[in-house]
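These are my notebook entries on one structure.

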Amino acid sequence: MAQNTVEKTSVTLLGLGAMGTALARSWLTTGHLLTVWNRTPARAAALAAEGASAADSAAEAVAANTLVVVCLLDDASVGEALAGADLVDRDVVNLTTSTPAQARARADWARERGARYLDGGVMAVPPMIGVPEAGGYVFYSGSRELFERHKETLGVPAATTYVGADAGFAALHDVALLSAMYGMFAGTAHAFALIRKEDIDPASLAPLLADWLVAMAPAVHQTADHLRSGDYTHGVVSNLAMQVAGTPTFLSTAEQQGVSPELLRPYFELMRRRLAEDNGEEGLTGVIDLLVH
């Protein structure tokens with residue numbers, strides 16, 4: 001059998017928390033030379049036993065390879081770790097969770113120090129890293145040329161999705177998706193709270209709830225179409241007036257079940273405000289305009 005003679009990119013990884021460690025192992029198991037650094041040396045030592053080179057400092061780790069991946073606690077930690085490192089001619093890929101503004105500022109900071117910069121938003125939890133069938137992926141934004149140069153290596157831990165030259169777009173996509181996720185969790189929390197005191201097995205509600213959420217998910221496409229066209233009435237089946245009229249039922253049911261309406265009430269209030277401004281024939285898209293300052 002012919003051996004794969006393609007040279008694999010050497011990687012430096014700063015940060016060995018749960019996510020960083022998972023990233024490190026995915027590169028090690030696929031034959032990449034890996035230099036690691038962590039503020040707590042014991043974590044680096046554990047990976048050294050698996051084949052990584054452990055650097056004594058972040059600056060030493062940065063000097064080892066052109067491709068430098070950063071996965072630390074927060075943006076401030078990135079600045080602290082790289083403060084003493086020579087970033088000239090380095091390709092810095094920052095997978096640290098940050099805001100769009102922080103990512104843009106960090107991109108400028110890196111360029112001022114002679115580095116090329118790519119920001120990332122990880123849409124996965126550590127057990128999904130290195131497991132393609134798990135469905136995890138990473139948003140990347142910043143230099144398209146830099147993304148293409150390292151796409152194969154960056155794609156080892158998880159699939160890659162490039163979302164634009166603006167360095168803040170990866171973080172923005174990350175937070176947008178996670179915001180929707182927490183909205184879903186809020187809705188499911190309210191749903192389970194409604195049956196909490198009843199003789200209803202939560203396990204019997206769970207598949208019904210999951211199927212319903214899946215059935216409702218395609219509504220995001222209609223919302224996107226409305227925002228692009230500016231016509232918030234196109235294709236609407238259940239209009240805003242009808243939906244607002246039904247909200248008292250939800251609030252009364254919550255009261256009767258001894259459940260706080262605090263997860264639903266703010267959204268219902270936005271619906272009522274939008275209805276007061278509109279003729280009621282549109283759907284729910286107009287709520288978005290009330291949220292944007």
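Predicted model: local features only at pLDDT ≥ 70, side-chain atom pairs only at ≥ 80, totals over all residues.

**Entry 1: terms and ground rules**

Residues are numbered from 1 along each chain as its sequence is written, and side-chain values use heavy atoms, with hydrogens and water left out.

**Entry 2: the nonpolar patch**

I looked up which residues form the nonpolar patch on the surface. I found Leu178, Tyr182, Met184, Phe185, Trp212, Leu213 and Met216, with about 690 Å² of accessible area together. For the term, patches are made of residues with over 30% relative accessible area and no salt bridge; like charges are joined within 9 Å, and nonpolar side chains (Val, Leu, Ile, Met, Phe, Trp, Tyr) within 5 Å. Accessible areas come from the Shrake-Rupley method with a 1.4 Å probe, and for residues only the protein chains shown count as cover.

Helix H7 (169–195) and helix H8 (202–216) each supply at least two residues of the patch. The largest share, four residues, comes from H7. I then checked one member from the other helix: leucine 213 is placed in helix H8. Leucine 213 counts as partly exposed because its relative accessibility is 31%; the classes are buried under 20% relative accessible area, exposed over 50%, and partly exposed in between (1.4 Å probe, protein chains only).

**Entry 3: salt bridges**

How many salt bridges does the structure hold? I recorded 14, a salt bridge being a side-chain nitrogen of Lys or Arg within 4 Å of a carboxyl oxygen of Asp or Glu.

I examined the pair of glutamate 50 and arginine 25, whose side chains meet at 2.7 Å, N to O. Glutamate 50 is in the loop between helix H2 (41–48) and strand E3 (53–54) and arginine 25 is in helix H1, so this bridge ties together parts that are 25 residues apart in sequence. Glutamate 50 is partly exposed at 40% relative accessible area, and arginine 25 is partly exposed at 37%.

I next took glutamate 148 and arginine 144, where the closest N and O atoms are 3.0 Å apart. Both lie in helix H6 (residues 144–154), four residues apart, about one turn of the helix. Glutamate 148 has 40% relative accessibility and counts as partly exposed; arginine 144, at 46%, is also partly exposed.

Is arginine 274 buried or exposed? I noted that arginine 274 counts as buried, at 14% relative accessibility, whereas glutamate 277 counts as exposed, at 55%.

I also recorded a network of salt bridges that links Asp89, Asp91, Arg116, Glu145 and Arg149.

**Entry 4: cavities**

I listed two cavities of 30 Å³ or more. On a 1 Å grid over the protein atoms alone, a cavity is a set of points where a 1.4 Å probe fits but cannot get out, and a pocket is an open set with protein on both sides within 12 Å along at least five of seven lines; lining residues have an atom within 4 Å of a point. Grid points are joined across faces, edges and corners, and a volume is the space filled by probe spheres set on the points.

The largest cavity holds about 30 Å³ of space. Its lining consists of Leu23, Trp27, Leu95, Val138, Tyr140, Leu154, Pro157 and Ala158, which divide into eight nonpolar, no polar and no charged residues. Here Ala, Val, Leu, Ile, Met, Phe, Trp, Tyr, Cys and Pro count as nonpolar, Asp, Glu, Lys and Arg as charged, and the others, Gly among them, as polar.

The second largest cavity also has a volume of about 30 Å³. I found its lining to be two nonpolar, five polar and two charged residues, and E6 gives the largest share, four residues.

**Entry 5: the second largest pocket**

I recorded a volume of about 560 Å³ for the second largest pocket. Of its 24 lining residues, Gly17, Met19, Cys71, Leu72 and Leu73 lie nearest its centre. H1 gives the most to this lining, with three residues. By class, the lining has 13 nonpolar, eight polar and three charged residues.
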